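Subject: Handover of a structure and the findings on it

Dear colleague,

Please find below the structure that I am handing over to you.

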Amino acid sequence: MPQPAVHLHELCKTYRVPEREPGMRAAMTSLFHRKMLEVKAVDDLTFDLAPGEIVGFLGPNGAGKTTTLKMLSGLLHPTGGEGRVLGSIPWKRERTFLRQITLVMGQRNQLVWDIPAADSFELNRVIYRLPDADFRHTLKELTELLDLGPLLKKPVRNLSLGERMKCEIAAALLHRPQVVFLDEPTIGLDVTMQRRIRAFIAEYNHRYGATVLLTSHYMADVEALCKRVIVIHHGRLLFDGDLSALVQQFTAHKTIVVQLEDCLADLHTYGEVINCEDGRITLRVPKAKTASVTERLLADLPVIDLLVEDPPIEEVIDQVFTS
Amino acid sequence: MNLLLEFRALRRLYSQQFKTTFATMLQYRASLFIWMISSVLEPLIYLVVWSTVSTGSGGSVGGYTAAGFAAYYIVFMLVNQVTYTWIMWEYEYRVRQGLLSVALLKPVHPIHSDISDNLSSKLITLPILLGIAALLALIFKPAASPTWWSVLAFIPALLLAFLVRFLLEWTLALAAFWTTRVSAINQVYFVLMLFLAGQIAPLTLFPHWIQILADILPFRWMLGFPVELVLGRLTPAQAWQGLGAQVIWVILSLIVIRFVWRAGVRVYSAVGA
């Protein structure tokens, strides 16, 4: 087995935050006696990523995703456990390490606001010490893939959010990092732009064999890009495996959609009726009973069409987090 | 060999940063103009006040005539321009906005982009300030008695003054890692600067014990010393002592900066970057 690109073993991060009651009195006492509250942001996280893998990193807000990404890119020091990215300890922030990774955070900008993106790219070229030929080549490829042509010469402040995001991503990838951490790369973007970025991430991964760890609240991103997902909640690992297995493990139900000749039939004896319109009825049934219910439906009723589905991924994720 | 490569990479970084700073500054012509006025106005006020005082008290105060004060403050304005930094205002913003995270992800020490940004904007504004200085010289008719060696020694003195001031203020700016009330620290610093760097008055006008204090602390070596030197107000022995003091402060700051930076980043990466 090859060396993993990313390796975490019982990684922990505890923040100490000052805590006080509201009001003047509490404000005064906190001046002299600070009560510190320990918050476990990441709790015993263990997983490996193989080189070239794209993995979705899921969890509700505050689950510890960004904290983990920051530790893996060297911005945060963990309070326990170990982590290796491409064999280096990230928080040592060695130059050779920093040259091989990137972290894209949705709202942070590394582009200089007042000048065209092309000038910021030039700055990155000298910072990462990229040979001219490599730089031109990568820039040309990124320009094609992300359709940056018309954007490069405009001051960054005149770009739309989506255009800026494309330039941010390009700036973060000019040095062709082998490991890419993406924190909500599609946040706030319209559907077309989301699809565009998604296709680009897949292409980058395919072309350069880069390892990608990606967080997103858009399940469409995850479904399109990631075969494997890692789910965390309150800093702890909930699930690590195939996206399809996640659905299997966390849903006890399937939905059956039946199209009948008439809508009058009452189907609540077959399962929970979620929706009923124009003779199209959606039922929720326990997974184990799917076969028998389907059989009964087909035998008892004038069925025109019948469809057995897993519930939508959003619903599954919601169930994972609330359970 | 390695050192040469390192040097070449840094040179490219500095020249690229110059282009970026230049392009950015052109976007803010109005604020550049306002900043110019303020950097001229302050020494101008001291100049006028002290000229009036010296004329009123029989032509000279503490060895300075009206023309002597004019020379002192015109040169002071230029030295201040060369050594000036704004980093102490910027760091708090960077830490709070998380901009430092972006810098920490880059495989180069962030001080390089700060130095090159600073030098670049100086290169851009210096010609204008030299013009203003010439204009002020026409109006106030300064008088000084520089010698060839004092002018020659002024060059390293100015460079060292820039380094001492930049390194010291960069270190102080790192206070933003520990506290969000940086402006209080800045206030104390600027008051000390006002009195001990020769800003509100040339140091020879102060009581003896303040002059000793000024020799011990770094402030004089960042501003007052190069000014007095180029005006020919120091003996060769004083000039050597001054250059020595500057070198010592540069070395000390470089040592301190290493520790403070490492400790600061440790704090930053502990509390959530």
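This is a predicted model: local features need pLDDT of at least 70, side-chain atom pairs count only at pLDDT 80 or more; totals for chains, interfaces and linings use all residues.

Helix H4 of chain A

The buried residues are Ala117(A), Asp119(A), Ser120(A), Phe121(A), Leu123(A), Asn124(A), Arg125(A) and Ile127(A). What covers them? The cover includes two helices of chain A, H5 (132-146) and H6 (161-173), together with H1 of chain B.

H1(B) has 26 residues and reaches 38 Å from its first C-alpha to its last, which is close to the 38 Å expected at 1.5 Å a residue. Within H1(B), the residues Gln17(B), Thr20(B) and Thr21(B) are buried. The cover over the buried residues of H1(B) includes H4 of chain A, together with helix H6 (110-140) of chain B.

Chain A as a whole

Chain A contains 11 helices and 13 strands. Its C-alpha trace spans about 75 × 60 × 50 Å along the principal axes. Of the 323 residues in chain A, 37% are buried. Among the contacts in chain A with a separation of 6 or more, 69% are between residues 24 or more positions apart.

The domain assignment divides chain A into domain 1 (6-248) and domain 2 (253-322). The C-alpha centres of these two domains of chain A lie 40 Å apart. Where they meet, 9 residues of domain 1 are in contact with 7 residues of domain 2. Which elements give two or more residues to the domain 1 side of this contact? They are helix H8 (219-225), strand E8 (228-233) and helix H9 (243-250) of chain A. That side has 7 nonpolar, 1 polar and 1 charged residues.

The six-stranded sheet

One open sheet of chain A has 6 strands in the order E5-E6-E7-E3-E8-E9, with mixed pairing. Its edge strands, each pairing on one side only, are E5 (101-105) and E9 (236-242). Neighbouring strands of this sheet are turned against each other by 15° on average, direction ignored. At one end of the order, E5(A) and strand E6 (residues 179-183) of chain A run parallel and are joined by 5 bridges. Within this pair, Val104(A) has Leu182(A) in E6(A) as its bridge partner. H9(A) lies across E8 and E9 of chain A and runs at about 120° to E9(A).

The four-stranded sheet

A further open sheet of chain A has 4 strands in the order E11-E12-E10-E13, and its pairing is antiparallel. The edges are formed by strand E11 (272-277) and strand E13 (303-309), each of which pairs on one side only. The twist from one strand to the next averages 20°. Strand E10 (residues 253-260) and strand E12 (residues 280-286) of chain A are paired in the antiparallel sense over 7 bridges. Ile256(A) has Leu283(A) in E12(A) as its bridge partner. Helix H10 (residues 290-300) of chain A lies across E10, E12 and E13 of chain A, and runs at about 170° to E13(A).

With kind regards

Methods: Residues are numbered from 1 along each chain as its sequence is written. Chains are lettered from A and ligands numbered from 1 in the order in which they are written. Two strands pair if DSSP finds at least two bridges between them. Axes are lines fitted to C-alpha atoms, for helices over the stretch in contact, and angles run from 0 to 180 degrees between N-to-C directions. Domain bounds come from an automatic or database domain assignment. Ala, Val, Leu, Ile, Met, Phe, Trp, Tyr, Cys and Pro count as nonpolar, Asp, Glu, Lys and Arg as charged, and the others, Gly among them, as polar. The expected span of a helix is 1.5 Å times one less than its number of residues. A residue is buried if 20 or more other C-beta atoms lie within 10 Å of its own, exposed if 12 or fewer, and partly exposed in between; C-beta atoms are placed from the backbone.
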